[in-house]
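Open the model in your viewer and keep the selection tool at hand. The stops below go from domains to sheet, helices and core.

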Amino acid sequence: MKIAILSRNAKLYSTKRLVEAAQQRGHETVVLDHLKCDLVIEAGQPAIIYKGAKLTDIDAIIPRIGASVTFYGTAAVRQFEMMKVKSAVNSQAIVRSRDKLRCMQILSRAGLGMPKTAFTNYSKDVTQLIAQVGGAPLVIKLLEGTQGLGVVLAETDKAAESVIEAFHNLKARIIVQEFIAESKGADIRAFVVNGEVVGAMKRQGKEGEFRSNLHRGGTGQLIKLSRAEKNVALQAAKVLDLDIAGVDMLQSARGPLILEVNSSPGLEGIEKATKTDIAVKIIEYTESLVEKKKLKRSTKVTKE
């Protein structure tokens, strides 16, 4: 079959690995820059024009949509879905996961643990906001931040007030979260594919850094998840309807707490830490989507 990887850079590790895994299994692949897809919206005849040609022979797509281009990226994924092309990650699930506030509300409704979080619409009562999460030290995050950017640890209430007021003056939307001291600058990334945890690593921030992101100089190592951690990761992916997800959790005295759920998790760190071919598991799942579609079509024809 022909698989399209939606990625803005064919040279990225994750994109290259997906192409390699697909080709190893005998599939034709193409890397499409989703920002260069022109969407033609017409009743009953949705189409995508790429570099002057209409895309007509794609069996499945694997979206690798960056946070900065979520709006147009998910529009492109949605257009493929309208064209009856199977997507390894559905467009609505990407939208849900990218909206941090909405994501946390969904996880909270499902009863999944997370650090206590507060959000306000530029309230002037900063003291009350800080008190809602138990006071300093606390973490302040931009709602649009990624890879550890826009995340600040405030050691004192006074420092927290200053940072929150600064963000509010810039009209930046933020959330305030309790600081989980026992995590000691480390978190867990569980990689979920089709209802199964296919790899997990513990990420440790570099000395003096409370953020554990690999992009911030953190390191990753193989870890065996506890039953509770595994269940939380699987439930988080399920309630967000993400068939491919990176679930980030903190280990705390009250059990695993979800930090974030990523709909386009990177492969480099997890593959190197676990020595597992995660890319091929994603391709195998994508194959199953197309096979189900063919089986459904065949069954329908037989009944007719």
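The tour below says what to select and what is there.

**Ground rules.** This is a predicted model: local features need pLDDT of at least 70, side-chain atom pairs count only at pLDDT 80 or more, and totals for chains, interfaces and linings use all residues. Residues are numbered from 1 along each chain as its sequence is written, and side-chain values use heavy atoms, without hydrogens or water.

**Domains.** Colour domain 1 (2–89), domain 2 (116–179) and domain 3 (182–282). These bounds come from an automatic or database domain assignment. Now show domain 1 and domain 3: their C-alpha centres lie 26 Å apart. Twelve residues from domain 1 and 15 residues from domain 3 make the contact. Contact means heavy atoms within 4.5 Å.

Helices (H or I, at least four residues) and strands (E, at least two) are DSSP runs, numbered from the N terminus. Two strands pair if DSSP finds at least two bridges between them. Strand 4 (residues 47–50) is joined to strand 5 by two bridges. Zoom in on Tyr50: Ala53 of strand 5 stands opposite.

Axes are lines fitted to C-alpha atoms, for helices over the stretch in contact; angles run from 0 to 180 degrees between N-to-C directions.

**A helix pair.** Next, select helix 3 (residues 91–98) and helix 4 (residues 100–109). Their axes are 5 Å apart, at an angle of about 100 degrees. That makes helix 3 roughly perpendicular to helix 4 (65 to 115 degrees). Show side chains at the contact, including Val95 and Arg96 of helix 3 and Cys103 and Ile106 of helix 4.

**The core.** Which residues touch the most other members of the largest nonpolar core? Select Phe80, Leu107, Phe191, Val261 and Ile282, out of 67 residues. A nonpolar core is a set of buried Ala, Val, Leu, Ile, Met, Phe, Trp, Tyr and Cys residues joined through side-chain atoms within 4.5 Å; buried means under 20% relative accessible area (1.4 Å probe, protein chains only). Helix 9 (residues 278–303) gives the most to this core, seven residues. Domain 1 and domain 3 both contribute residues, so this core lies between them.

Methods: Buried means under 20% relative accessible area, exposed over 50%, partly exposed in between (1.4 Å probe, protein chains only). Angles under 35 degrees count as roughly parallel, over 145 as roughly antiparallel, 65 to 115 as roughly perpendicular and the rest as oblique.
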